[in-house]
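User: I've got a fold open in the viewer and I'd like to go through it with you. Can we take it piece by piece, rings to begin with?

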Amino acid sequence: MNNLIYHSVNAEPQKESYSEFEVVDFFIKSDRKLVKNSVRIEGELRMNSTGSTRVVFADNVGFNQRIGAHGLLKSVVVSLDGQVVENLQEGYSKYVNLTEVSSRTRDGVYNSDQLCELKSPNIHTTYALAGGVKQDAANANFQDVDFSFKPSCCLNKMSDHLPLSRVGMVKLSVTLNRNAQFMMGDGTTANANYSVSDLRLVYRTVDPDMM
């Protein structure tokens with residue numbers, strides 16, 4: 001039997017929200033097998049034109065449409081049992097951008113696995129996403145937009161499942177990008193800022209091999 005289990009772990013340190021330059025860690029520990037390429041970072045994004053004033057579409061403030069939520073990350077480090085196996089420092093988002101430009105057409109972002117990463121066909125669509133999601137037509141309040149993306153690291157480039165009992169604790173450590181590096185658009189100013197909340201790591205595991 002090969003039972004599939006869905007897991008979710010909170011970011012550490014646990015906080016209500018996170019902003020530029022903060023280092024966030026996620027830990028995976030199990031005696032099962034990590035399903036190849038199943039690791040995702042999820043959360044909710046809020047963007048402000050200044051202070052805590054939420055962006056609106058007319059502000060012309062958004063983010064890179066080709067990389068979406070990937071742009072939140074400045075660096076990614078993967079460790080197995082305390083040993084660093086991958087260190088993507090500075091320019092992680094630039095790497096993702098180059099990959100997207102060279103491998104995906106603009107229409108490719110309409111696939112559901114891309115839309116959930118906040119990728120979009122043009123910068124104007126990101127202006128709308130930056131303002132949040134309207135609950136319903138009768139309610140003027142907006143909610144932070146949610147995202148789910150697969151970080152472009154070795155955990156999502158495996159050819160087979162990873163036996164966690166053999167590698168010990170898996171640590172995924174990310175540094176959040178500075179405001180000016182993530183946010184863009186004609187209306188972006190030095191006071192514009194973003195934050196992410198309900199930040200978590202989700203992944204899947206299956207039963208270990210029988211001895």
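User: How many aromatic pairs does the structure hold?
Analyst: Quick caveat to begin with: this is a predicted model, where local features need pLDDT of at least 70, side-chain atom pairs count only at pLDDT 80 or more, and totals for chains, interfaces and linings use all residues. Residues are numbered from 1 along each chain as its sequence is written, and side-chain values use heavy atoms, with hydrogens and water left out. Rings of Phe, Tyr and Trp (its six-membered ring) pair if their centres lie within 6.5 Å; planes under 30 degrees apart are stacked, over 60 edge-to-face, and the rest tilted. On that basis, the number of aromatic pairs is 4.

User: Which residues form one aromatic cluster?
Analyst: Phe182 also pairs edge-to-face with Tyr194, at 5.1 Å centre to centre and 65 degrees between the planes. Phe182 sits in helix H5 and Tyr194 in strand S16, 12 residues apart. Buried means under 20% relative accessible area, exposed over 50% and partly exposed in between (1.4 Å probe, protein chains only); Phe63 is buried at 0%, Phe182 at 2% and Tyr194 at 1%. The cluster is formed by Phe63, Phe182 and Tyr194.

User: Which residue of S12 is the bridge partner of Leu45?
Analyst: S5 and S12 pair in the antiparallel sense over 5 bridges, where pairing takes at least two DSSP bridges between the strands. In S12, 4 of the 5 residues are buried, so that strand is largely enclosed by the rest of the structure. Ile41 touches Phe147, Ser148 and Phe149, among others, leaving aside neighbours within four places in sequence (contact means heavy atoms within 4.5 Å). Leu45's bridge partner is Val145.

User: There's an open sheet of 4 strands; which strands stand at its edges?
Analyst: The order is S3-S14-S8-S9, with antiparallel pairing. Neighbouring strands are turned by 15 degrees against each other on average, direction ignored. Each edge strand has a single partner, so one side of each is left without a neighbour in the sheet; the two are S3 and S9 (83-88).

User: Which residue in S14 stands opposite Val24?
Analyst: S3 and S14 pair in the antiparallel sense over 6 bridges. Opposite Val24 is Val174.

User: At about what angle does H1 run to S8?
Analyst: H1 lies across S8 and S9. Axes are lines fitted to C-alpha atoms, for helices over the stretch in contact, and angles run from 0 to 180 degrees between N-to-C directions. H1 runs to S8 at about 100 degrees.

User: What polar contact distance joins the side chains of Thr205 and Arg32?
Analyst: Thr205 is found in strand S16 and counts as buried at 0% relative accessibility. A polar contact is a pair of N or O atoms within 3.5 Å; within protein, one must be able to donate a hydrogen and the other to accept it, and residues adjacent in sequence count only if both atoms are side-chain atoms. The distance joining Thr205 and Arg32 is 2.7 Å.

User: And how far is the backbone nitrogen of Arg32 from a polar atom of the side chain of Ser30?
Analyst: Ser30 lies in the loop between S3 and strand S4 (33-34), and counts as buried at 17% relative accessibility. Not counting residues up to four places away in sequence, Ser30 touches Leu164 and Ser165. The backbone nitrogen of Arg32 is at 3.0 Å.
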